[in-house]
Amino acid sequence: MASRLSEESLKAVYDTGHQGLAIQSEQALDLLSAPSVDLDKLLLEEDPQAAVQAVPPQALYQALMLKGPEDALDVLEHMSADQVVRIFDYDIWTDDRLAPHKAIRWLNLFKEIGPEQLYTRFKELDEEYQLALLGPEITTYDEEEYEKLSDAEQDSLGRMPCNTVFYKVTSQDPRMEEFISGLLEATMGSDINYAYALLAHAYHLPPNEQEEQIARFRKARLEEDGFVTFEESRALFRPLELDAMKQKWSFLLARDAIGLSPSKSRTTAFLLTALQAGARKWTSEEFERVSRGFATLGNMLAAAARVETDDLEGLRRLMQQAQALAGLGLEWLSGSDENVAVALLEKETPQMLFRTGISLVSRLTDAVTTELKRHGVTEADNIERNLRMDKRGVVIHMIETALLEPFGFERVETLKGLYNRFPVLPVTMTTDEDGLQRMLFQPITSLVALTQMAATADALTGLLHLSSLAGGPLGKASLDRRLTTGLARVLAGGGFTSEPLSDIEVKRLSSLPREALQTTGADFFAGVEGTLREALAPGGAGWAASRAAKIHVDDPVQAVMTEFSDLIMRLHAVLGSTEAHDDVALVRALRGLADVESKHQEAL
Amino acid sequence: MTEKPKNEFVTEGECRDLATLMGRKYASFMKDRHFEAVITKDARGVYATVTLRNRSGSFFYPVEGRMANIDHDMNPRESGLFLLDYIDSYFEEYFREGGDVYLPIDWAHYEHDGVPLQLKGQILNLEIERMADELLSKGNSSVH
């Protein structure tokens, strides 16, 4: 048996993209994610039965689960036979196998309404459902077989009114035994012929065959809601040709944008803004159609994210991600124009909008991967290969294990967010008193959020560019240590290289006046900025992931310099300390930030 | 995780690694909480406790499992990891149902892959309990 607590199981969780990272729920995205059906209100309608039966089955199921079906018997009573079957499709299966105890929960509720309800509801189920539920749990005997049994065995059997057919509930589960007895009792009271037929078929038909058959029917019905196969679900994550997509809708942008001022940059979910604008223009049916389209998209993502049809919280999380990325795609396609976005929502499918959003982030992911490879970062080739095969779980696990040493916690978490199946933006990092670090993420809901992600990526790729100036490929070495080592050497009067600091260099650092160090540091800082800008100029080596991904970041150099100035400040803090004039103390302090020749380490 | 010979018992380090792994698996549900895992054994059987808790102890949920040696042919190490596996599957259900799946507060029988085991668990608020203890001890001192 494979352990649930293995690295493989962790990769499988990461592959789902919605459980292995702490993603903050975005309230704005609850507009379409939250159940919209008010059950109490339905019962107050003039014709409550018609009102209940008009609700789409999945929305009804979600509302019932939210309220608790035990507290909604008066709604269950009004449901149509089709709604009951669909609810069984959502709820009574686990890992694509029938879970009879879940079916009993619902059927017992009908029994609570009245025995005839139990009989009617059971009879209205697909025949295959009925037989798959009863078949494995019941054995029947004719007179001849009955006579061969001992007295005790005969006493344990139930008997039909004709006294020629006997049955035994074979299930060891007392709940199942009680349920079947109740069902047969209710059935015999209402339709004796059906009771005989049920017993005969349940016993004689192979139970697995019935389950396989109903599984096929269920699959077909679920597909109507968007619950597609794993392969089809994965296809939603395949990037599309963005230029062609933009071209397809360019006429809309040109026509509808006339006289409209483009929206200002925003930090809230763009989709929400567009839906609110749409709601002012659309009829309730039109809004419902758009809303249903997004629900279908959320369902379509379920197989790829391994979320079951009865996992309502999981489906809600998927719905949020679906809306976030579709909203990103919508904002990009519409040029951030609400009116164009409304027109797009009317004409384009949420699936294509989602793929547009995914494709926008994909360009950034690809650009970062290229930079990781270019600078010889450990496992970069493997990351690229697995990314190409869409093995997101393996990629995230690889980043977490192989890149922690070179990049540190914060950058690793940023990369995990970027490479996640549903890309997310890191927002808050916390460290508790035990040193346990956590990163909180939020969905990428707008172009502003994508730009923030790109600027964060630029900070990393910019530092990698500087690191390459200090020496060969990064490999497994620490990026910060390598840069700080080069920086310390520059302050000691040497070149920007990453070899460990020598005895002479440490002595020089301890003897130089602080002002001189500050001045050299400031000059070098300006030099680094110039180097980075030069590399971004036409014909330069280039390093900004945002540029390669065609995402507009105002000044990619700025984010790099912010991180670089942190390194300088930390180094100055060590060099400026009162103990800096003591070589041994300085080496001890420097060792936390930079590489120092091994003889110093040994001395310590 | 460090490989261990199959006949050696589960070390503290391994328990820590497994607890960390559980924290990663359920990162989206963890909030400010973390897992701690302990596995012990005696002549009668193997015991595992996985605690989901926050630092202050205001949320403290120890889930305990135990297996008697005579009920199966696993060695103590395998039993400990088997228990942990089962407790992990409980926590998966617990998170999925939004924390609405509770265990009995006293030992209850379960079966996993045909192997009998027992489980119990109770959510506690250690902060409140500490405050209550302090209050009671103050009350006592005023009596004397």
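Visitor: Which residues in H27(A) meet H28(A)?
Guide: This is a predicted model, to be clear. From H27(A), the residues are Arg411(A), Thr414(A), Leu415(A), Gly417(A) and Leu418(A). They meet Met453(A), Thr456(A), Leu460(A) and Leu463(A) in H28(A).

Visitor: And by class, what has the contact of H27(A) with H28(A) got?
Guide: Five nonpolar residues, three polar and one charged.

Visitor: How do the axes of H27(A) and H28(A) cross?
Guide: At roughly 130°, and the axes come within 11 Å. The crossing is left-handed.

Visitor: Switching to H1(A): how many of its residues are buried?
Guide: Seven of the 10, so H1(A) is largely enclosed by the rest of the structure. The buried ones are Ser9(A), Leu10(A), Lys11(A), Val13(A), Tyr14(A), Asp15(A) and Thr16(A).

Visitor: What comes just after H1(A)?
Guide: Gly17(A), which takes a positive phi of about 80°.

Visitor: OK, sheets. In what order do the three strands of the open sheet in chain A come?
Guide: E4-E6-E5, with antiparallel pairing. The edge strands are E4(A), residues 138-141, and E5(A), residues 158-159, and each pairs on one side only.

Visitor: How many bridges join E5(A) to E6(A)?
Guide: Two. If you want a spot to look at, Gly158(A) stands opposite Tyr167(A) in E6(A).

Visitor: Which helix lies across E4 and E6 of chain A?
Guide: H13(A), residues 174-190, and it runs at about 150° to E6(A).

Visitor: Last one, Thr356(A): buried or exposed?
Guide: Buried, because its relative accessible area is 0% and the cut-off for buried is under 20%. Thr356(A) is found in H23(A), the helix spanning residues 350-374.

Visitor: What is Thr356(A) in contact with, leaving aside its neighbours within four places in sequence?
Guide: Leu240(A), Leu242(A) and Met245(A), plus Gly329(A), Trp332(A) and Leu333(A).

Conventions
Residues are numbered from 1 along each chain as its sequence is written. Chains are lettered from A and ligands numbered from 1 in the order in which they are written. This is a predicted model: local features need pLDDT of at least 70, side-chain atom pairs count only at pLDDT 80 or more; totals for chains, interfaces and linings use all residues. Side-chain values use heavy atoms; hydrogens and water are left out. Axes are lines fitted to C-alpha atoms, for helices over the stretch in contact, and angles run from 0 to 180 degrees between N-to-C directions. Helices (H or I, at least four residues) and strands (E, at least two) are DSSP runs, numbered from the N terminus. A crossing is left-handed if the near helix is turned anticlockwise from the far one by less than a right angle, and right-handed if clockwise. Contact means heavy atoms within 4.5 Å. Ala, Val, Leu, Ile, Met, Phe, Trp, Tyr, Cys and Pro count as nonpolar, Asp, Glu, Lys and Arg as charged, and the others, Gly among them, as polar. Buried means under 20% relative accessible area, exposed over 50%, partly exposed in between (1.4 Å probe, protein chains only). Two strands pair if DSSP finds at least two bridges between them.
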